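Reader: Could you walk me through some aromatic pairs and a helix in this model?
Author: Gladly, here it is.

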Amino acid sequence: MLEKIREGSQGPAAKIVLGLVILSFALAGIGGYLGQTTEQPVAEVNGVKISQTKFSRAYSNERARLEQQFGEYFAQIAADPNYMAQIRQGVVDQLVQQELQTQLAKELGLRVSDEQVKKAIVEMPYFQNGGEFSNDRYLQVIRQMNFQPDSFREYLRDEMTRAQLISAVAGTDFVLKNELQQSIALQQQTRAIDYAVLSKELVKDEVSVSDEEVQNYYDLNQTQFQAPELVAVNYIELKAEDLAPAEPVTEEALKTYYEEQKNQYLEPERRRVSHILVDASEDAEAAKQKADEILAELNNGADFAVVAEEKSDDVVSAELGGDLDWIERDMMDPAFEDAAFTLAEVGDVSEVVESEFGFHIIKLTDIQRQQAQSFEDVKDDLRAELEKAAKIDAFYQKQTRVAELAFEMADSLQDAAEAAGVEIKSTELVSRNALPEPLNSPAISNTIFTPELLEDRVNSEVLEVAPEHIVVVRVAEHKAAATKPLEEVSAQIKTQLSNEKASTLIAEKAQSLFEQLQGSSTLAEIAKAQNIEVKSVTELKRRSYDVPPAIAAEAFKLPQPGVAETESALVELGNGDSAFVVLKSVTTPEVDGKVDAQQKQSITASYANKNYLELLAALEAKSEVKRPQLQVTEQQ
């Protein structure tokens, strides 16, 4: 099992899992969304405590993900304390599952080496500039995520170790043919139903909400009516890419630079080769003997292309007489490459060469020697490089002057703006979460909301947004977080209480009517008496948008007509209404023949996901897991 797990950790599933983990960091960042009132752990798994700090990081990521998903509507969603409590609990559950996975991985002896962690970091696009790993970029990003290099490496090691476990479970799962066909048949099953919705609007006239009830709700739910802390900010922004070089780049400067950097514009030597491959995966000794025989045949004058077409196990190149087209250094297996670049003349044939793919015989068919690109070919690139360097020089000169003036003239940005050659920009009163770019990164928003800037109204220090991109900010106006007055929210409270009371009444009424439906009354009779409409769907699918989701879900839970006495259900809809559902018939198609590859993959993945969740549930069932009540307050 351990061997399978380690093999799975190198596959695409592990890379996808790891990519998603790191992507969540890149998108979310780490913000100061939470205030912690205690160091009590949020959970404990077999004696291992999950800290408030770890919870805060995960919760911030999830909150930022929701903000990105819902945009401007997130503020309305976040106003519901019950919804946010579910989000917080979901984060705790996720952290518990991660710890269970970590403990299982440790028990199985899974590990990730320092070299693997380093390789993963270097290959992550979030830490690259121009396709190359940038240590400065790496440090900047992990600082924004509230990590130090050591702690980030250990976090990544934990995630990669868990990815080994996940990919192993997913990679070893399979589904039998009859299970596939049965699953597809169930997916394609349709049902015929009648349904009727009993709207809470039918009892709205019976509902009244007193001023006392509004006041009591307001007093007991103050957190729902918090107006977020607001700031209006003035700032200046300086970017190297927006600057113009102090002097234009001349043709003479370009030629001088070309001569200085000529070695960077060498086109490497390329070689065109053909090969004959003998596969050694089953019997290496027999493969080596066969390769030696082929080499002897070639040395006796046989045509390389003809022999390749007849005897090479590389079926793709064999059809082309063994041709592999042009290769450069670091493209092929090292042993193959060394042999190919050792051949001196076009037409030379190598000895038998062993690689991880088997045994090769290589023929050199053409050479393009190393040569320098001409000045005209690279002139535009040279100009771009020199202009970029000049802009960066100008940027750092201006940055130094801006930092001096922002500190010396701390009560105004005017002097710093003039030195930078930019205009002062302003925002309206906005909450922390609504700060515009480039002020919305955690590092900058945290600085804006420090007492020094809020109370003393001084300029900030120079703040880095990205390489060669800075801002200096100052708070122009500040409004502290406060509870909205009752007058402002009383209508909202009254509507909410009215809806809740109406939903309660309609649920009671629906329950009474449902008892009649289970007795001698029909849905049509009940609908007529209540003056509501009966709707019919003849081919309801599992993923149907023709009816409310709760109705569709309940319809597919009901037993087939004739199997049980109950073929009807009472459903509570998400908007507070109630509905009656009557199942009339079920149609399950016959599935024969081959199963589509995409369907097979989807169903197998579904089974794997289900089995993995069951594994986690089993782990938790036999573990000692404690979840103290969260002590967390929201900050808008």
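Reader: Is Tyr396 buried, partly exposed or exposed?
Author: This is a predicted model, where local features need pLDDT of at least 70, side-chain atom pairs count only at pLDDT 80 or more, and totals for chains, interfaces and linings use all residues. Residues are numbered from 1 along each chain as its sequence is written, and side-chain values use heavy atoms, leaving out hydrogens and water. Buried means under 20% relative accessible area, exposed over 50% and partly exposed in between (1.4 Å probe, protein chains only). At 38% relative accessibility, Tyr396 is partly exposed.

Reader: And Phe395, what is its relative accessible area?
Author: Phe395 falls in the buried class. Its relative accessible area is 1%.

Reader: Which kind of aromatic pair do Phe395 and Tyr396 form?
Author: Rings of Phe, Tyr and Trp (its six-membered ring) pair if their centres lie within 6.5 Å; planes under 30 degrees apart are stacked, over 60 edge-to-face and the rest tilted. Here the centres are 5.0 Å apart with 80° between the planes, so Phe395 and Tyr396 are edge-to-face.

Reader: Which residues on α21 are buried?
Author: Helices (H or I, at least four residues) and strands (E, at least two) are DSSP runs, numbered from the N terminus. Helix α21 spans residues 523-530, and its buried residues are Leu523, Ile526, Ala527 and Gln530. They share one side of α21 because they cover an arc of only 100° around the axis, taken from the directions from the helix axis to the C-beta atoms.

Reader: Which exposed residues does the opposite face of α21 carry?
Author: That face is turned away from the buried side of α21. Its exposed residues are Ala524, Lys528 and Ala529.
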